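Colleague: I would like to learn how to read a fold, step by step. Could you walk me through one?

Modeller: Gladly; let us look at it together.

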Amino acid sequence: MNIYERLIQDHDKQRELAEKIMATSGDSDQRRDLFRRFKEELDAHALAEEQTLYSELMEIPEGTEKARHSVAEHKDADDLLQELCELDMGSGGWINKFKKLKHEVIHHVDEEEEDVFPLASRLISEQRSNELASYFEDRKQAETS
Ligand SMILES: [Fe+2]
Ligand SMILES: [Fe+2]
């Protein structure tokens, strides 16, 4: 498996969790549990992605701009996650803000899959993209354990 295939697995998990959260209501155990998983998943994915794919891409002149753009979007998502942690989960404001986060996350992963990965796969060798997948796995494990 290469790094792109591995990252797409996580993106699909993020899309699925976000849909499930939208289907929950009020301050319920279900919403609380799904949101905790979503936040953990997003945090660990973004960090491990930055330490593998993006640090590699950042070093290549043609990749720097896209890498910076994606890292800035990680920061925006993280800010929204923090705001959500401070809001009452049962309020209308919470679900409205979550909807905004979901929209941003979907935009981000779509952009990675449609723009960033095709570019990166031209700039990074096949062998290296396989190595990066296993580094990603290690980094993500370290974050979540
Ligand atoms: Fe990302
Ligand atoms: Fe990603």
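This is a predicted model: local features need pLDDT of at least 70, side-chain atom pairs count only at pLDDT 80 or more; totals for chains, interfaces and linings use all residues.

Colleague: How many helices and strands does the chain have?

Modeller: The chain has five helices and zero strands. Along the sequence, this gives the pattern α-α-α-α-α. The radius of gyration is 16 Å, close to the 15 Å from the globule rule for 145 residues, so the chain is as compact as a globular protein of that length. Its C-alpha atoms fill a box of roughly 50 × 30 × 20 Å along the principal axes.

Colleague: What share of the residues is buried?

Modeller: A residue is called buried if 20 or more other C-beta atoms lie within 10 Å of its own. In this chain, 26% of the 145 residues are buried.

Colleague: Which residues have the most contacts inside the largest nonpolar core?

Modeller: A nonpolar core joins buried nonpolar residues through C-beta atoms within 7 Å. The largest one here has 13 residues, and those with the most contacts inside it include Ile 3, Leu 53, Tyr 54, Phe 136 and Leu 57. H1, H2, H4 and H5 each supply at least two of the core residues, with the largest share, four residues, coming from H2.

Colleague: What does Leu 57 touch beyond four places away in sequence?

Modeller: Leu 57 touches Gly 63, Lys 66, Ala 67, Ala 120 and Leu 123. There is also a second, separate core of 11 residues, with Phe 38, Ala 46, Phe 98 and Val 105 among them.

Terms used
Residues are numbered from 1 along each chain as its sequence is written. Chains are lettered from A and ligands numbered from 1 in the order in which they are written. The radius of gyration is taken over C-alpha atoms; the globule rule is 2.2 Å times the number of residues to the power 0.38. A residue is buried if 20 or more other C-beta atoms lie within 10 Å of its own, exposed if 12 or fewer, and partly exposed in between; C-beta atoms are placed from the backbone. Two residues are in contact if their C-beta atoms, placed from the backbone, lie within 7 Å.
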